[in-house]
Amino acid sequence: MADDRLRPGAAGAAALPAAGAGGREVTAALALKGVTRRFGGLVATDDVSFTVPGGQLLAIVGPNGAGKSTLVQLITGFVRPDAGHIRLGAREITRLAPEAISALGVARSFQTSRIFPGLTVMESVLVGTQVALIGGGRQPPAFGGPKPPAFGVLAEAAAVLFGLPRYAARRRALEARAAATLQLFGDRLWPRRDQPAFSLSYANRRRLEIARALVAEPDLLLLDEPTAGMNPTETGELAELIAQLHAARPALTIVMIEHKLQVVRQLATRVIVMNHGSVLVDATPAAALADPRVVTAYLGRAATSHAHG
Ligand SMILES: Nc1ncnc2c1ncn2[C@@H]1O[C@H](COP(=O)(O)OP(=O)(O)OP(=O)(O)O)[C@@H](O)[C@H]1O
């Protein structure tokens, strides 16, 4: 069964790219080929190529400035590559806008939490359902099909939030989905659902950020340092939540930038170590973190960077 092969712990780097029964090529959930991005004279990602099979939990690690966040920006369309191609399943997404990519089932959390100051916790998560709301991409058209202009997206999202009658049934369904997502975080977010999002603690803002990504029910979830700034208890709790999520949805592909190596060891099926914009090592967590090149490039700088073993 293809899913078993792709399940966490089942696939090492040696198994990549995935091949199906009889050697048939299996379309990767995500594939980067020769992706280069420069900022002025600086090469942030340099000819990066890798594929991620569906259901894999890939951790991307590396020292500061290695190009990790740029990769997330590239995959989500916030930054365009100067060279190379990015595919999502069989579809080329290299030049698509972020909204189009999110409509294809890609959701992300940001490195620093982005809270809409005027919204409650519940409303902040409802914003993450707007992809479903406009009927874009994989979702069945909600109200006469997708509306291309960004204004239409915003207007419809606002209409749901402010409760126009024709959206009432849809809103109820989305609220139920948002409630279920908030409840995933135990008593961290759900009891605070009617509070302004800005009143949340730092750790809860990070949780809210992840809830907003999850509520879109993505096929590919990109987490940029999900445990940044969390204490060991909060970090352990969030790692456990991600593990549970992945167990509950084995087909969900997760790409996670993470500096805390114990989280990487706990969660990742595979680790890509970036250094100076390039892939230095692509292996299982145990092999990657023991690789002498990684020790030199990454762990060797731990004393002066924010890496945590
Ligand atoms: N928008 C931008 N404009 C100019 N330079 C940028 C931009 N985004 C990233 N860079 C540069 O590209 C390089 C890679 O940055 P990136 O944020 O991808 O690294 P990172 O591995 O995520 O680092 P960190 O762990 O510190 O977040 C860095 O030198 C950074 O300064």
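Reader: Among contacts in the protein between residues at least 6 apart in sequence, what percentage join residues at least 24 apart?
Author: That's 67%. Two residues are in contact if their C-beta atoms, placed from the backbone, lie within 7 Å. Keep in mind that this is a predicted model: local features need pLDDT of at least 70, side-chain atom pairs count only at pLDDT 80 or more, and totals for chains, interfaces and linings use all residues. Residues are numbered from 1 along each chain as its sequence is written.

Reader: How many helices and strands are there in the protein?
Author: There are 12 helices and 10 strands. Helices (H or I, at least four residues) and strands (E, at least two) are DSSP runs, numbered from the N terminus.

Reader: Okay, the ligand. Which residues are around it?
Author: Phe39, Leu42, Ala44, Gly62, Asn64, Gly65, Ala66, Gly67, Lys68, Ser69 and Thr70. Here a residue is near a molecule if its C-beta atom, placed from the backbone, lies within 6 Å of it.

Reader: And where does the largest share of that shell come from?
Author: From α2, with 3 residues. Both β2 (42–52) and α2 supply at least two residues of the shell.

Reader: Is α2 largely enclosed or open?
Author: Helix α2 (residues 68–75) is largely enclosed by the rest of the structure, because 7 of its 8 residues are buried. Buried means 20 or more other C-beta atoms lie within 10 Å of a residue's own, exposed means 12 or fewer, and partly exposed is in between, with C-beta atoms placed from the backbone. The buried ones in α2 are Lys68, Thr70, Leu71, Val72, Gln73, Leu74 and Ile75. Just after α2, Gly77 has a positive phi of about 85 degrees.

Reader: Changing topic: what about β7, are its faces covered or open?
Author: Both are covered, with Leu220, Leu222 and Asp224 buried on one side and Leu221 and Leu223 buried on the other.

Reader: Which strands does β7 pair with?
Author: Strand β6 (residues 106–109) pairs with β7 in the parallel sense over 4 bridges, and strand β8 (residues 253–257) pairs with β7, also in the parallel sense, over 5 bridges. Two strands pair if DSSP finds at least two bridges between them. Ala107 stands opposite Leu221, while Leu223 has Met256 as its bridge partner in β8.

Reader: What's the order of the strands in the open sheet?
Author: The order is β2-β1-β4-β5, with antiparallel pairing. Its edge strands, β2 and β5 (91–92), each pair on one side only.

Reader: Which residues touch the most other members of the largest nonpolar core?
Author: Ala59, Ile60, Val271 and Val273, out of 70 residues in that core. Domain 1 (1–105 + 218–309) and domain 2 (116–216) both give residues to this core, so the core lies between them. A nonpolar core is a set of buried Ala, Val, Leu, Ile, Met, Phe, Trp, Tyr and Cys residues joined through C-beta atoms within 7 Å, and the domain bounds come from an automatic or database domain assignment.

Reader: Val273 again, what's its bridge partner in β10?
Author: Val281. Strands β9 (residues 270–275) and β10 (residues 278–283) run antiparallel and are joined by 5 bridges. They form a hairpin with 2 residues between them, and His276 in the turn has a positive phi of about 50 degrees.
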